[in-house]
Amino acid sequence: MASLHKNRRTTLERIEKFVSRIYFTDVNLYGRIYPHQENVDIFHWALPQDQHWKSISFDEIIKQTFLPQKIGDCFGPTWATHYFKIVVKIPESWSGKEIHLRWNSNSEALLFNSLGEPLQGFTGSPDHQKREEFIISKSWEKKGPEELVYFIEMACNSMFGAGKGGMIDAPDPDRKYSLEMANVAVCDTCAYHLLIDLELLFDMAKELTEADGKGDSRGYQALYAGNQIINAIQADDWKNSFREAQRVSNEFFKYRNGERAHIIDAMGHCHIDTAWLWTYDETIRKCARSWSSVIALMKDYPEMTFVCSQAQQFSWVKQYYPSLFEEMKHFISLGRFIPVGGTWVEMDGNIPSGESFIRQFLYGQRFFLKEFGIRSQEFWLPDTFGYSAQTPQILKHVGISRFLTQKLSWSLVNKFPHHNFLWEGIDGSTVIVHFPPGDSYEANCKVSEALKTERNLLDKGRVTRSVMLYGFGDGGGGPHKPMLDRMERLKDVDGVPKFENSTPNKFFENLEAESSQLCRWVGELYLELHNGTYTSQADMKKYNRSCEYKLRDAELLLAIAFTLERIPLADLVDLRTNVEEGWRLLLVNQFHDVLPGSSIELAHTEAKEWFRKSLQLAAEVVDRCISYLQGTSIASYSLLNTLPWSRNALIYENEKPLKAISVKPMSWDDDELGDISPVVMEQGGGIHKISNKWFSVEIDSSGRISSMIHHASGNQVVPTKEFGNQLVLFDDIPLYWDAWDCMDYHIETRNAVNRPSCTEEEVHVELATPLKVTLKWSQPVGQKSRVHQKIHITAVHSFIEFETRVEWAENRKFLKVEFPVEVHANQASFDTQFGFLNRPNHKNTSWDSAKFEVCGHKWADLSEPAWGVSVLNDSKYGWSVHGRTITMSLLRSPKAPDANCDMHEHFFRYALMPHNGLKSRSEVIRESYNFNCELISTKVSKDTSTSGSWFTVNSSSVILETIKPCEPVLGDDKTPVKRILVRLFESCGDRTHARIETSLPFVNYMECNGLEEPIGPLLPFVVSTKGQKFFTASFTPFQIKSFLLSF
């Protein structure tokens, strides 16, 4: 009989200990799950350290000499691979029992059958994610040979790499992993299912009751039921006492929910970082371990659904695990294994260009269509570090109107006000968004998570359903059997929201039906955390920017050569393949832990190799296409302009400027600039006074701008007693996430770097000509670093350029450059994908204050209607604009997870550009393109038949972003489609009409979407009186439009 006064704490702990895998396992329920165990025979072969697992086939592995091993033996070092042959003998007395193979090597491992087919992954750590059991048979019946033979591939890393000390610390290169368990056992399924019930009862009692006796009566029912079950179980009469325990449990769980209960759309999920605390190659094996485990569960749970993103990972499995890929295809055809997201990888949401965003979908969706005949209907990006305000339009442009993420739940300062809402981008495009209210993409199907899903929901009364993504993630793993059994038991139980096995399409269809009551969010989804990732691993950012522009040029020239029929068919196919490979390498490196700079050193080293390969492929295409476009007309030196407007440039001889030229739009035709204003310099009192057509500037001995007058307006750029190009150094010690975070308090540790008393090599003249003046200076930075800088003022550019080299060797320091400007504005503008974004430059609210470090691309700007100042750059993404100071982030020095992050020499360029304010925004945008897209030098002959401007656009605000050959028909990569894609966007936030002229032999055109699918009628080109072909298009603010041009 129960006592009159039940003690909540002791009863809860009694239940907890009775299901514990740590305490009292000799007498508790957990200890009864495996009543009979037998050792297996273990044989081992180590893959030589100079070999890679991808270089050896399964047939070769099983031919090796395997030697006996025992429990307790250790294997390593970190990242090594070991293979085991496991021989299993099952006693005849186990007939009719459920038999499990159990393995724990304190590492990740993959089980194969004797044919080399992956069966399931094993996870040895961390404790809460262990997967140690493989079901050999649910009811063993001896058939065939006396022994069963399996093979296990052991990877010498844990689920989260091999951090030395903590999870995100740099890897320990010499870690060893001990074989903790290897046996075959009988599973008592009655004990297992009762344990699941008791875990659920404990969770309900803990969540629904309170220490003072308050709470939900259903919680107290769970508390008493759990206590009764333990009382019922008798150690010496397990079978009979189990029946009574099961009766008590069934009596509790038979009570159902009412009609108004919140519904959880449950979907299996396994977020696998394409690289993070491991390399790309280890991710390939993580996919096999995780997805083979999912397939094994799907065979036992016919209602289970599983969602899976990242086409690159599917492609890897197809290449390295073809039998697993075929099984996946089977369940995909059943609608249970569901490809989602539509992207090549789950990319960073801030740094990639707009074109890169579209290519993620282009290559991802084409893979899903080709392999599975399906297209993802929703964008899936649960774990990136903020989301660009242009994302809604990009999604619409590729045919997607749904989006799921949860990362904003990580914000430190403000709680995002919705879990379901309409998201409006900078152009007005809108998509429907869901944040799982459980604030996780790796739930365990526990009662606490189900209750949090409903309690935490910020849209109560507006929606009736929420998503729960269950399965371990980041390092893979995915759903485990207990999760599915919990969910099955909780399908419809009083006191907990209802569970349904669901799909993204089913959930979003219901959400769309309820969308009339949803609120609207306008602008970016800014994560108030991880804003150091705009700067960490500077090489990632520099290579990324360079690849984006070099691939653009390669595609443009390939399209021109193709359209003019200057390229043989075989070469066209080869070069198109090169461009596609270059893009895929870039897209993988835009993964949300690689491009942001938050992976281990090995991963970033590999990423640099992929970036360099992408650049090499692009360069090969450019060189070969230029050779196809050459003829017999001799030109000793040419500059090719790949942008759709004229550009001024200097021609050099022996590193000195010889003349100034203007290169026509998208052409290598140029004219020498005749009567141009020279650059004039005066020196005196440690000040260099330099002027050109656009401005007069004074630079002090420390390389700082002490004065700058904009000639057109007469305005002073730099406020009195302040300095432009002021390098500043900050302490940069975050709370935990080292490479990820810079905290708001770092701003309080400002230390000016280039000051008169600190400059070691004062400013001096390196070059002084009428066409260009170059100043040079250098000095130490911090404890161990040094900065070298050249300052360029030319007769053809409206900006002052700072060419910078930094030998960087600091420990948790943050280097920035400041430009205080004499501009009054309440908001700053930042370049972003296909447009720009305005943000407050004040701290009126906590939302404003939290944006102390933000992401921008090629430029940032403060402007009045007729006066403004911009800062341009060639490779930086971190910014802060507070009051009238524009600050650009240059370098960080975190020590985890890469202890050597950015500890080397860096080269980058930035510029200061005064201008005529908001009305000259298009000039700033064009100069930012000029600053990043180099003129291509060629010293070979050129054909006059290919001269002239290939394309021009008459609207100053419409940017011709992309020109490329169309993608081939799926399944027919060898036959080119005689169409060229052009993509344009309105860049200034205006309504405008644009006339797109071409000298190329196009016949007609049609509008298409980002996937190159027609969405408009086929129309003929118009021919002007001068014989130029053209078509016109209207644009709303920041609108993206794509067209297919046929020839």
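**View 1. A nonpolar surface patch.** M167, L412, V413, L735, Y736 and Y745 make a nonpolar surface patch of about 580 Å². Patch residues have over 30% relative accessible area (Shrake-Rupley method, 1.4 Å probe, only the protein chains shown counting as cover) and no salt bridge (a Lys or Arg side-chain nitrogen within 4 Å of an Asp or Glu carboxyl oxygen); nonpolar side chains are joined within 5 Å. The model is predicted: local features need pLDDT of at least 70, side-chain atom pairs count only at pLDDT 80 or more, and totals for chains, interfaces and linings use all residues. Residues are numbered from 1 along each chain as its sequence is written, and side-chain values use heavy atoms, without hydrogens and water.

**View 2. Y745 in its loop.** Y745 lies in the loop between strand 31 (726-731) and strand 32 (751-752). Strands are DSSP runs of E, at least two residues, and helices are runs of H or I, at least four, numbered from the N terminus. Y745 counts as partly exposed because its relative accessibility is 31% (buried is under 20%, exposed over 50%, partly exposed in between).

View 3. Strand 31 and strand 37 (residues 813-820) are joined by six bridges, and F730 stands opposite F814 in strand 37.

**View 4. The surroundings of I800.** Beyond its neighbours within four places in sequence, I800 is in contact (heavy atoms within 4.5 Å) with residues including F695, M708, H792 and L912.

Technical notes
Patch = residues over 30% accessible without salt bridge, like charges linked within 9 Å, V, L, I, M, F, W, Y side chains within 5 Å. Buried < 20%, exposed > 50% of the residue type's maximum accessible area, 1.4 Å probe, protein only. Pairing = 2+ DSSP bridges.
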